[in-house]
Amino acid sequence: MSENALRGNLPELSVGELSQQLKRSIEEQFSYVRVRGEISGFKRHSSGHLYFALKDADALIDGVCWRGQAGRLSIRPEDGMEVVATGRLTTYPGRSKYQIVVESLELAGEGALLKLLEDRRRKLLAEGLFDPERKRRLPFLPRVIGVVTSPTGAVIRDILHRLADRFPRHVLVWPVAVQGETAAAQVAAAIRGFNALPEGGRVPRPDLLIVARGGGSLEDLWAFNEEVVVRAAAESAIPLISAVGHETDTTLIDFASDVRAPTPTAAAELAVPVRAELIQRIGDAGGRAWQALTARLRHARAEVEGLSRGLPDPVALLRTKEQFLDDRTERLANAAAKLVPDRAGRLDGLAARLRHPREVVRDAATRTAHLGDRLARAAAHAVRGHGTALERVAIRLDDRGLRQAIGRGERDAVALGERLRAAAAARLARAADNLALRGRMLDGLSYERVLERGFVLVQDAAGHPVTRKGETRAGQRLHLRFADGDVAVQAEREGPARPPAPVQGTLL
């Protein structure tokens with residue numbers, strides 16, 4: 001048959017039928033494949049599906065990962081990441097394109113994964129997220145410890161068991177996935193969630209955080225190398241211990257945390273001290289403090305005893321001072337009892353010698369009048385003497401000269417008289433002021449002022465002052481002079497057993 005006849009016998013297919021046949025052929029031929037390539041054009045749709053392309057130097061194939069499978073991927077896809085995608089090949093008839101439906105992703109060799117990890121570490125190191133200055137000291141004994149880990153693994157049981165053995169504390173567990181596509185986001189959210197708890201709230205805010213996971217491969221621990229987890233750990237205001245993997249495993253969160261623990265159990269040991277050891281240390285410290293205090297007291301007692309041997313007996317000193325005080329007290333009482341009568345007697349004697357102010361005024365007035373008479377006589381004598389001198393001069397002078405001399409003499413006499421009158425007035429004023437001052441002094445020293453202060457002048461019938469008890473006798477009539485009047489009284493003998501009788505007297 002010719003080629004044209006064969007073409008004419010081919011069945012006619014629609015576009016949809018051809019697309020379906022191609023789809024079945026590809027899916028049957030490539031039902032399960034592993035494709036190695038570089039991720040390009042990665043996009044996460046709002047529906048949760050992942051879309052990207054795998055390429056190498058020669059070709060490119062589209063890839064898709066449905067939402068249900070995307071959450072179970074061991075790594076988080078990124079542009080430029082070289083991976084091995086496992087899945088099935090199919091077509092998309094709507095665009096006449098074939099694509100691979102990815103069921104799992106893994107990095108193309110551990111070397112590529114380590115290179116990606118090192119690039120990310122250098123980037124975060126350059127940003128200062130691993131600086132030692134950012135790291136905080138762990139609290140000595142936290143009240144509340146927050147743990148970010150899987151609630152179903154052996155890690156949380158190891159941590160709780162170790163805390164119970166060393167020093168039981170209140171523990172808050174924030175359950176997260178520690179592997180898979182969503183693990184990194186959950187761990188970062190847990191760290192930030194613990195930091196967002198308010199102080200004194202219904203849920204206590206932890207004093208320390210532990211981010212823990214058991215051992216595994218590099219791909220299994222990859223969630224703790226994600227930037228979102230590292231940044232959350234670096235931003236944490238609560239001190240954080242990272243305990244991811246075994247002792248040989250290293251993740252980027254170890255660099256950003258405040259302290260790295262080789263295992264989750266070691267993290268619990270770093271979080272709290274051993275209670276029994278702490279009690280023993282406190283007991284030992286208390287014993288040493290007591291011994292030091294006892295030794296110090298013994299030493300101080302020995303010093304005091306040594307110093308006391310060089311000091312006089314304080315009791316003897318006190319007794320000497322008491323005797324001195326008794327002596328001074330007795331002398332003071334006797335002096336006070338003697339001083340008052342003595343001062344009163346001296347005051348009475350001075351009052352008796354004082355002249356009455358009226359007498360002093362009269363004497364001063366007499367002296368002033370006498371001085372005035374003497375001054376007048378002296379002025380008259382001076383005027384007469386000048387007149388005589390003028391007459392003698394007038395005899396020797398002519399009329400004109402006589403008149404001039406007489407005029408000068410008269411003016412001199414008038415001026416002299418004025419000066420004499422002024423001097424006499426000034427002398428009289430000074431004498432009057434002096435007289436008034438002495439009068440005020442005499443009045444202040446008068447015994448009558450003393451009587452106004454509450455004292456009494458005692459006189460006998462003859463008017464003589466009585467200043468001593470021995471100067472009186474029983475039945476003697478006495479006069480008591482007060483500031484406002486006199487009282488006549490009769491002296492009586494003082495009886496030993498009879499209380500003193502009220503004073504009887506009459507106003508004069």
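Before I start, the cut-offs: I call a residue buried under 20% relative accessible area, exposed over 50%, and partly exposed in between. I'm also keeping in mind that this is a predicted model.

Entry one, salt bridges. I searched the whole structure and got 18 salt bridges. I picked out Glu 235 and Arg 192, whose closest N and O atoms sit 3.4 Å apart. Glu 235 is in helix α7 (residues 227–235) and Arg 192 in helix α6 (residues 183–196), so this pair ties together parts that are 43 residues apart in sequence.

Are the two partners buried or exposed? Arg 192 comes out at 37% relative accessible area, so I file Arg 192 as partly exposed. Glu 235 reaches 53%, so Glu 235 goes down as exposed.

Entry two, a pair of sequence neighbours. Arg 343 makes a salt bridge with Asp 342, again with 3.4 Å between the closest N and O atoms. Arg 343 is partly exposed at 44%, and Asp 342 is partly exposed at 35%.

Entry four, a network. Salt bridges link Lys 123, Glu 127, Glu 227 and Arg 231.

Leu 13, Leu 18 and Leu 22 make a nonpolar surface patch, together showing about 260 Å² of accessible area. I found Leu 22 in helix α2 (residues 15–29), and Leu 22 is partly exposed at 47%.

Technical notes: Residues are numbered from 1 along each chain as its sequence is written. This is a predicted model: local features need pLDDT of at least 70, side-chain atom pairs count only at pLDDT 80 or more; totals for chains, interfaces and linings use all residues. Side-chain values use heavy atoms; hydrogens and water are left out. Patches are made of residues with over 30% relative accessible area and no salt bridge: like charges are joined within 9 Å, nonpolar side chains (Val, Leu, Ile, Met, Phe, Trp, Tyr) within 5 Å. Accessible areas come from the Shrake-Rupley method with a 1.4 Å probe; for residues, only the protein chains shown count as cover. A salt bridge is a side-chain nitrogen of Lys or Arg within 4 Å of a carboxyl oxygen of Asp or Glu. Helices (H or I, at least four residues) and strands (E, at least two) are DSSP runs, numbered from the N terminus. Buried means under 20% relative accessible area, exposed over 50%, partly exposed in between (1.4 Å probe, protein chains only).
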